[in-house]
Amino acid sequence: MGAFLRISLTISCLSLFWISASASIPSRESLGIAPQDLSYYKSDVIKCKDGSKKFTKEQLNDEFCDCPDGTDEPGTSACPQGKFYCPNAGHIPLTVFSSRVNDGICDCCDGSDEYNGNVNCPNTCWEAGKVAREKLQKKIATFQMGVTVRRQEVEKAKQAFAQDKAELSKLKSEEKILKEHVQKLKEQKERIEKAEEEERKKREEEQRKKREAERKANEAKKAFEESSHDNSDHASEILSELPNQDAMEDHHDSAIEEKSDYTAETEILDSWAVGKQVANDHDDTIAKSGDETDDTSEESSFSHVEKQHLVGDQEGTMPEANTGDYTRSKEAPSSHVVEEGQVSDNTEGLSREELGRLVASRWTGENAAEEEDGVNTVKEERHEHDENIPEENHDGYNSDSDEDHNFDDDDLEDDPDMEFGDHGEPAGTYSYNGDDKTDYSDLTASGSLSWLDKIQQTVSNVLQAINIFKSPVNISEADAVRKNYDDSSSKLSKIQSRISSLNEKLKHDFGKDKEFYSFYDHCFESKQNKYVYKVCPFKKASQVEGHSTTQLGYWDKFEESYRVMLFSNGDRCWNGPDRSLKVRLRCGLKDELLDVDEPSRCEYAAILSTPVLCVEEKLKELQEKLKDANANRPSVNDEL
Amino acid sequence: MPSPASRSPPLLLLVPFLLLLLFSAASAWKKDEFRNCNQTPFCKRARGRKAHSVPSLSTADISISDGAVVARLLPSQPLRQATDGDDPESDTVPPRPLLLRISVYQGGVLRLHIDEDASAPRRRFQVPDVLLPDLDDRRLWLSRLSSPAAGSSSFYLAEGFEAVLVHDPFQIQVRRKGSGEPVLSFNSHGLFDFEQLRAKKNDDEDWEERFRGHTDTRPHGPQSISFDISFHGADFVYGIPEHASTSLALRPTSGPGVEFSEPYRLFNLDVFEYLDDSPFGLYGSIPFMLSHGARSSSGFFWLNAAEMQIDVLGPGWDDPAAPAKDRIDTVWMSEAGVVDAFFFVGHEPKDVLRQYTGITGTPAMPQEFAVAYHQCRWNYRDEEDVAAVDAGFDEHDIPYDVLWLDIEHTDGKRYFTWDRVLFPNPQEMQGKLAAKGRHMVTIVDPHIKRDDSFYIHKEASERGYYVKDASGKDFDGWCWPGSSSYLDVLNPEIREWWAEKFSFENYVGSTPSLYIWNDMNEPSVFNGPEISMPRDAIHFGDVEHRELHNAYGYYFHMATSNGLLKRGNGKDRPFVLSRAFFAGSQRYGAVWTGDNTADWDHLRASVPMILTLGLTGMTFSGADVGGFFGNPEPELLVRWYQLGAYYPFFRAHAHQDTKRREPWLFGERNTALIREAVHVRYSLLPYYYTLFREASVSGIPVMRPLWLEFPADKETYNNGEAFMVGPSLLVQGIYEERQKSVSVYLPAGQSWYNLRNGVSYAGGVSHKLEVSEDSIPTFQRAGTIIPRKDRFRRSSTQMVNDPYTLVIALNGSFAAEGELYVDDGKTYDFEQGAYIHRRFIFADLKLTSVNIHPANLGGKFPSDCVIERIVLLGLPSGAKKAVIEPGNREANVELGPLTLRGGSSPDAITVRKPNVHIADDWTLRIL
């Protein structure tokens, strides 16, 4: 710049009277005028395009602005609103602001904007044009392949959509039938249980009498006999003595069914502990249970299951429970709110460094921003607990929260497909593995008899076979009813959960051709430095650093006719807006999340390349552009 | 890249930060963190005194010595015992005599110096390097004292002025000779109090002061000074920045029915989210006050860098029954230092400014690019961001000259370093900007990260260049980098060392197009008392921080500016923006009004704040356009650009948590409005540059209160909404949302031309005008000529060769005058006469270009630039052509647009392509 300055200062200030710079430069009459406009300037008296005035041919490009819109000075810098056309032979023509004309900076690749001799602009159009054309060709190639991929995708999406719709209506009708059966079974079961109850009371009374007698006879012997009882009997006995029997009904059931899975056992032990019915011969087990309650940091599947109950039942009283970040961080604000009054008025208690950080944070929010996650996780927790089933599906992919999941359907826990996709998955695209990915094969399997038919058969068998007025109740018959009831109601809740997840999915807008249908079950990942960004269309987007996750936003909508996905209402920013993410979609041969950026504080942007955006119209447009570019090639330079 | 705030911390770190949130959430000004007068013992004591309640002093041994008046000050009568209980530190020991010395300087300046005698236990601090080094050469040699009345001595001050020293009780008065009308008086209310240094009365005496957990050991005990100054013939007083205020004149702080209950505080502080209207101290301090009234203008400057508190006493403060008229009394209180005070007698207000800048210096002549538009944000994140913002301006045809990088560009807030991930190729980046004639500014703050691997810290600590704490160790405070130490810039040797750090070899990654921004130089210390340095910290020469606090930022600014000067071998004019300032800072660069807020009241307050800075020498100043904190609504942002385009220093800036607000982000309409606002500034660059030249010669600010131009028009005295740019342009801000109309007072004596539509308005009247979104009301005063450049470029650099437009606004006698100053915009060659300075005079239908470059100076600045257009406002129609001499050339006269920008502007009589050279003498006659 220094050189330029010196030169321009010493050389002429402005070529006010026309200097014909070189032969390659068009005449004054056509300077800066686009070819299609040349005819406009033919006449001797020319109108300003805005109609405000007229000017003579002599006034065209005479370095004095006569038309406010710049009509009379297309080739000079005299009019602030003027535009200068560079032909750029060999490349694409360009129209620049007239402020660029003779400003000492080469703007047009043909150098036509700098003609006053202050600066020499080499013609670079051929090189630039070649590069541009090659780029364009590449883009067209991508589009050409992409269009094919897209067609297949759209086909698949349409099929999947239709399938899901069909499944939904099928499930709805099945749900109706099944509901009736479950109702019948329930009534039957209750009748059986009532009978059993009476029977048991009778037996208990007998036993009590018997025990009293025995104790009187021999206390030591009684102790021996009790210890030889088997677990389930014992459990059922004890449970039956618990005050709130209704609440324990399910436990009772599982105990009776002798289910030995951890859930059942834990619950029983829990209940036991609560009821303080500690029997000597179970000391060991109970002690174990107690340990785990106190120290849940032990990552056994046992404690894992137990935690779910702790979160649900005892959240408030379990400050040490390792239930992820949520419980603890929820605690944190409240405990500090108490201190607020004392501290805000008096910083004397702070160390010098704390005070320094504190004051710095007013401007930066940097430190303060870190505790915002406390706030956010509270919000997150709200999501977890307050929202209905579809929202839970929503949360299901999150590795941070999967430990906290409450599953209504115990059966799901045994489901081998119940895995969360983001454990150790490589970065990139992966399926969205929420609980709607649960294996529903038993719901959909086709066989000689459908499962529904089977249930219907069994139910009618059971109902016919049992004489509920028979006393004592036939154990095997009662068990059969209960088992049937459990099976059916479990199926029902599976169906219902599937229905609601299908409903949740189908309510979205998947584009004109349902082209985004497959996105519903996909997340896209991109690793940038220490952050991993996850974008799950129709669900949410997050930024993960190590073990901490920041929600960048929840699915909001498509924008710009399906070219942008908007996620909004993410975690709040200190002193700023709620985080949000705009994902711009562009044509690419595979799904790839690129260039995640934060152009404005807490407003993120990313690019997702995907075949879905490789639309035919755009391809045609590009081909047209390439044709034009080739047409503009000066024949002498034509290398092909 | 995500900003640091978007990181999620490990859980365990949350707890302390939660505390922080509670603080931050309750945002806004932390009033409790700053001391009020009652919490400041010297202020409380001084403020509690009633007129004439201080034991009075009398002069003794008055004589002329070395051309100055000298005397001793002694207690008037046998000393009374400590007067009352609320004066616990008052001295019961008989004081030693004080030494008084009064000198007089050319141009009507009286200097009063009062200090203790040599027997004092310690030398009091006198602020060095603020007064111009040649000041002593301009001292008048007094030879004679006269005795106009018994008990007083008088001596010559200036043509028509004399000073009177009243012997007992001691008092000084500056008055008009002959009429005896007083102009300024010192101690006429008997509030002069000088706490002499002494030993502790007994070991139990507690000199410590505690404030919010900070202890000031105050090892030298009470040493404050206070006195009263009366401005006679004054309707209003102005000055003593920096305070946020929506009023231009200083409102009374004490007396019957006053609004403010605190004195104006001068104590340089980094105030988070400051209020738009408050007497509390901000980033800089200039203890200079001006008064103006219909009969008189005067000024008073106290060269003292310790904490100062100043009360402006409302009428009736001393006697509610008989409020004084035409007089404003003030009380000045300082924690330490000496009395080194200057009285300026004026006639006209501009004289007072000339007198003040005559002793503290006139503003430095900036480079041309620095007068153009600056684009800043905390932070432009990386080189891509810089490139994108740069490209954005080009794409939207909005000119800008400077792109700024805030603290995040450094490697861990180690200034002079670059974050090598974000800015791997700083030189290349600057080169790309420079290729478009653009510049870059990076931030360099005075706190040095205490990191042994950081060369600045290593050298500074090895050489003992840091300020020491009260125990003698390097002071360690908290700032952006964490644990930091602060350079002791009071020491000239350290300033020299610091200046070297700006050489291209030392500042790796810097290029000649890079300039500097000094922030946080109050100094801001996050964990210090009042977010600053403890007063008992020790500087060079055993000076306590309390004694020089307000000048710390000044010395830092000075050292940095000298660094850039050295870097360019004394040829390249430095550009350094500083947040802190003191009297004299105008010699070293620009300042801005710090961390303001994106609201309408801060927009409004910016004008009185900048006007006040201009009145006190700091003409190169501005407020962050858009407001630093918060997100301005587009309307506010547009209005801020429209106003900010007229600030002497025109920079947009924003906090890192705000939404991006580059001009094109608010829709096409707003982009166009902002473009128009920026274009207005660029078209007026020749005028602004000419005004900066005037400021650098005379001290008269670029942006002026109306009364500076119209001292006789009382309506203007407290107008803080409108201002003059130079002598010719009047600008009225729009400070309210969706404002439909505005009342604009146009000063008397001339008519005014609306610069948008050419309509003429009478002066001396308030006009109710419709407000459009296109612009804020701007008027050219009849009788003036404004040079413009109407072509727009990417930056001012490309405008160098562009032709000029002259806009001539004729007065009632069809006459007008204006000036144009042109030099190379970069170097000091102008000092050798390499410049063009023309006066354009229009009279009798003839425009003449007169050379006002003094012939004896020699030197020449070559330019082939011409005037392409002359617009005449107020000329009766009928002009046919223009004839130019020499050469007897003709140019067409026709109707042309008043401005070439935006929309339809009505036509005005225009001389088409006169193409006369600005460097030449010529005349142009309208026929």
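Visitor: Which residues of α12(B) are buried?
Guide: Buried means under 20% relative accessible area, exposed over 50%, and partly exposed in between, with a 1.4 Å probe and protein chains only. Helices (H or I, at least four residues) and strands (E, at least two) are DSSP runs, numbered from the N terminus. In α12(B), the buried residues are Leu636(B), Leu637(B), Val638(B), Arg639(B), Trp640(B), Tyr641(B), Gln642(B), Leu643(B) and Gly644(B). That is 9 of the 11 residues of the helix, which covers 634-644 of chain B.

Visitor: What covers the buried residues of α12(B)?
Guide: Contact means heavy atoms within 4.5 Å. The cover includes β21 (373-375), α11, β33, α13 (667-683) and β35 (722-725) of chain B.

Visitor: Before we go on, what kind of model is this, and how is it numbered?
Guide: This is a predicted model, where local features need pLDDT of at least 70 and side-chain atom pairs count only at pLDDT 80 or more, while totals for chains, interfaces and linings use all residues. Residues are numbered from 1 along each chain as its sequence is written, chains are lettered from A and ligands numbered from 1 in the order in which they are written, and side-chain values use heavy atoms, with hydrogens and water left out.

Visitor: What is the order of the strands in the open sheet of 8 strands?
Guide: Two strands pair if DSSP finds at least two bridges between them. The order in chain B is β32-β31-β30-β27-β23-β22-β21-β33, with parallel pairing. β32 (621-622) and β33 (650-652) of chain B each have a single partner strand, so one side of each edge strand lacks a neighbour in the sheet.

Visitor: Which strands does β3(B) pair with?
Guide: β3(B) runs antiparallel to β2(B), with 5 bridges, to β4(B), with 8 bridges, and to β5(B), with 2 bridges. Val69(B) stands opposite Ile102(B), while Leu99(B) has Asp115(B) as its bridge partner in β4(B). Strand β3 (residues 98-105) of chain B is largely enclosed by the rest of the structure, because 6 of its 8 residues are buried. In the hairpin of β3(B) and β4(B), Gly107(B) takes a positive phi near 85 degrees.

Visitor: What joins the side chains of Ser185(B) and His232(B)?
Guide: A polar contact is a pair of N or O atoms within 3.5 Å; within protein, one must be able to donate a hydrogen and the other to accept it, and residues adjacent in sequence count only if both atoms are side-chain atoms. These two side chains make one of 2.9 Å. Ser185(B) lies in strand β9 (residues 182-186) of chain B and counts as buried, at 0% relative accessibility.
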